[in-house]
Amino acid sequence: MSSVAAQEGRRTAVAPTQAPVSSDGRGLSRKHREWLAAGLFLAPDVLGLLVFVAIPMVLSIGLSFFQVSGFGSYEWIGLGNYRRMMNDPLFWDSMEITGEYVVILVPVLFCVSLGLGLLVKQKLPGVGVYRTALFLPYVISLVVVGVLWKFLLDEQTGVVNRAMRAAGFDGESWLGSPSLALGCVIAVMVWVMMGYYMIIFLAGLQEIPMEFYEAAKLDGAGPWTTFRTITWPLLRPTSFFVLLMSTVAAITGGLDLIFVLTDGGPANGTSLAIFYIYQQAFGFGEYGYASAMGSFLVLIMVVVSVVIFKFTRGGRFDDGE
């Protein structure tokens, strides 16, 4: 009996103790706790995207199949708005202007921001002040920016033309000429956005180990060789992000600036697709038609994003190695 009791005692001592799972989550595994914490952190952003992006987008697509009057009546017309869009020369003119706008703005903004990022990375006296001054336009409302530049570019009283006349040149109708107005809009957008993308490039540049540059200097590499063999390859993920975000912003943004600076003129020369859609919706009450054009513009943006992903090999800019 004593040996049996001893064996039972040893079994009881060896058997693991099962900890009860508490209702407050402290009994969850580490993996489950991490998933729970991640879900709680993501919940506000996911909810915001759902309420303010996903649901309005679905409703807009649904609205594009209706003829909506200003009095709130809805009439099902199927693909009627899309057929109207395909035969609307003003819409396709706005798409052509948008294409020209994007093709010019994105490369210029990319190069200027990268150049500024390389510049403010240097140990210059007062470099913090320069970074702040270059970033400051980004935090200003586009409405304020439009009013400011409309005053500066005014044909009669603008500071730019006054400076040109003082230097012996003739003033220009910067915002009244179809050949100059779009260029002015692009220049102002570069001025507004370059500080933001400069900061992004600066963050990418600061992630590159200094040991690489020191080794290149010992090997006698010049600035261009150093940039081509070290900076650019290691900056490619940041470059991909800037390229993608600036392209999307160019396609879908700039409405506030266009509205204040040129109001789509002269002769619809700065009427981007987003501005034309805004006019149809809130100027003429064509909400269904505007929704159809907006859905088409979103489709174009998705296609362009896929092309960028494909061109950059998933954002790596490598050779598939």
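Start by selecting Leu 118, Lys 121, Gln 122, Lys 123, Leu 205, Met 210, Tyr 213, Pro 223, Thr 226, Phe 227 and Thr 231, which line the second largest pocket. This is a predicted model, where local features need pLDDT of at least 70, side-chain atom pairs count only at pLDDT 80 or more, and totals for chains, interfaces and linings use all residues. Residues are numbered from 1 along each chain as its sequence is written, and side-chain values use heavy atoms, with hydrogens and water left out.

A pocket is found on a 1 Å grid over the protein atoms alone, as an open set of points where a 1.4 Å probe fits, with protein on both sides within 12 Å along at least five of seven lines; a lining residue has an atom within 4 Å of a point.

The volume of the second largest pocket is about 320 Å³, counted as the space filled by probe spheres set on grid points joined across faces, edges and corners.

Next, colour helix H9 (210-218) and helix H10 (223-234), which each supply at least two lining residues. Helices are DSSP runs of H or I, at least four residues, numbered from the N terminus. H10 gives the most, with four residues.

Now move to the largest pocket, with about 620 Å³ of space. Select Ser 60, Ile 277, Gly 294, Ser 295 and Val 298, which lie nearest its centre among 22 lining residues. Then show helix H2 (30-63), helix H13 (273-283) and helix H14 (287-311), the elements that give two or more residues to this lining. H14 has the largest share, eight residues.
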